[in-house]
Amino acid sequence: MEEGWIREGALVRRSRGRPSTMLEVSDRLVTFALDIRPERSILAVIDLSGRFQSREAIITVSDAEASLQRIVERMKVLRERHADKTFEGIGVSVPGRVHPETQRLLLAPNLNWHDFDLEVALEKAMELQVEIENDANACLLAESWYGRLAGVRNAVLVAVSEGVGAAILAGGQLYSGFSGLAGEFGHITIDPDGPLCGCGQRGCWEMAASSRAALRTYNELYPDKNPIDIYRLLRLAEENDTAAVDAVSRQAKALGKGLRMITAALSPELILITGEITSSWQRFGPIVQRELESAVLAGPTPRLATAGDGELARLLGAAAVLLQRHASYHRSTHAPTGERSLPGSATDRVSS
């Protein structure tokens, strides 16, 4: 209540006993949620209950500073538009791996933002606390934060977009590894003679199982077709366009085959898929399921489910990352003191 997360509501009088004061989640506290992608970024204002107050797209360019300037301009407009709200901070989802302590991007081959301290630049521009997380980790945290992983202690979330990344829940804890790089199954080579990946290697899993891979297959096999984006490709597939069905089916098969790495290495009870392909899951999900079942070495097959629309999941995840790291319990158990200092100070880092 002191931090503004909850507030007193109506006074309820009962037939016996003292009146009760109801408590409710505050609708005045909100966060900025930013999902950065190679071609466009999505900026949203989200309240504590996960409700979207605003949502808009911003073109992402290869120049990190120019992209940030556009994002900051829109943030300032939205903050004025929601002047009656209190902004807790900025949660950011990125298509790459983030160091758990320094918050610097360690690996983001599809984004091509090199040697750019996004956290410091964004905090300086907006004077708000910034928390950055890998997109798959953010999605998995959102599933947990909003109560959709009740009873599950070992799970893997596979995020499928222009690349393929994974987040790991082990023993009920989000696992990021020694330097924050755990879960990069998308950059494990499955075909040494395959296409060159943004990481510098050939034939990585994401070069066959990502949305970008489906588009490449479509354009290579059917060069007379007009170039399209993944949403148009999936729509054509739902309309039974032979070329589109072929391209997405190959992507689904490669996605399912790659799950063998995950089941063999981690043996999760649940595998969640998020990304554009989930919008056509009724059609292409069975392909992934068949490949998964054939990949299990022994024992029961992990349960396979979707975590919904990738864009929505990443935004909710970005908000969840910020809120989880700013919660009193998290700060008191992960930081030297239970108090959070102002952005920019030497003690404002909260470990993930």
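Helix 3 (residues 135-145) is largely enclosed by the rest of the structure, because 9 of its 11 residues are buried (under 20% relative accessible area, 1.4 Å probe, protein chains only). This is a predicted model: local features need pLDDT of at least 70, side-chain atom pairs count only at pLDDT 80 or more, and totals for chains, interfaces and linings use all residues. Residues are numbered from 1 along each chain as its sequence is written, and side-chain values use heavy atoms, without hydrogens or water.

**Helix 3**
- The buried residues are Asp135, Ala136, Asn137, Ala138, Cys139, Leu140, Leu141, Ala142 and Glu143.
- Asn134 caps the N-terminal end, with a side-chain oxygen 3.0 Å from the backbone nitrogen of Ala136.

- Five strands form an open sheet in the order 5-4-3-6-9, with mixed pairing (pairing requires at least two DSSP bridges between two strands).
- Strand 5 (52-59) and strand 9 (130-134) are the edges, each pairing on one side only.
- From one strand to the next, the twist averages 20°.
- Strand 3 (residues 29-36) runs parallel to strand 6 (residues 86-94), paired over 6 bridges.
- Phe32 stands opposite Ile90 in strand 6.

**Helices 6 and 7**
- The axes of helix 6 (residues 230-238) and helix 7 (residues 242-266) come within 7 Å and cross at roughly 110°.
- Helix 6 and helix 7 are therefore roughly perpendicular (65 to 115 degrees).
- Leu233, Leu234, Leu236 and Ala237 of helix 6 make the contact with Ala244, Val245 and Val248 of helix 7 (heavy atoms within 4.5 Å).

Methods. Buried < 20%, exposed > 50% of the residue type's maximum accessible area, 1.4 Å probe, protein only. Helix = DSSP H or I, 4+ residues; strand = E, 2+ residues; numbered from the N terminus. Polar contact = N/O pair within 3.5 Å; in protein donor to acceptor, adjacent residues only side chain to side chain. Axes fitted to C-alpha atoms, helices over the stretch in contact; angles between N-to-C directions. Parallel < 35°, antiparallel > 145°, perpendicular 65-115°, else oblique.
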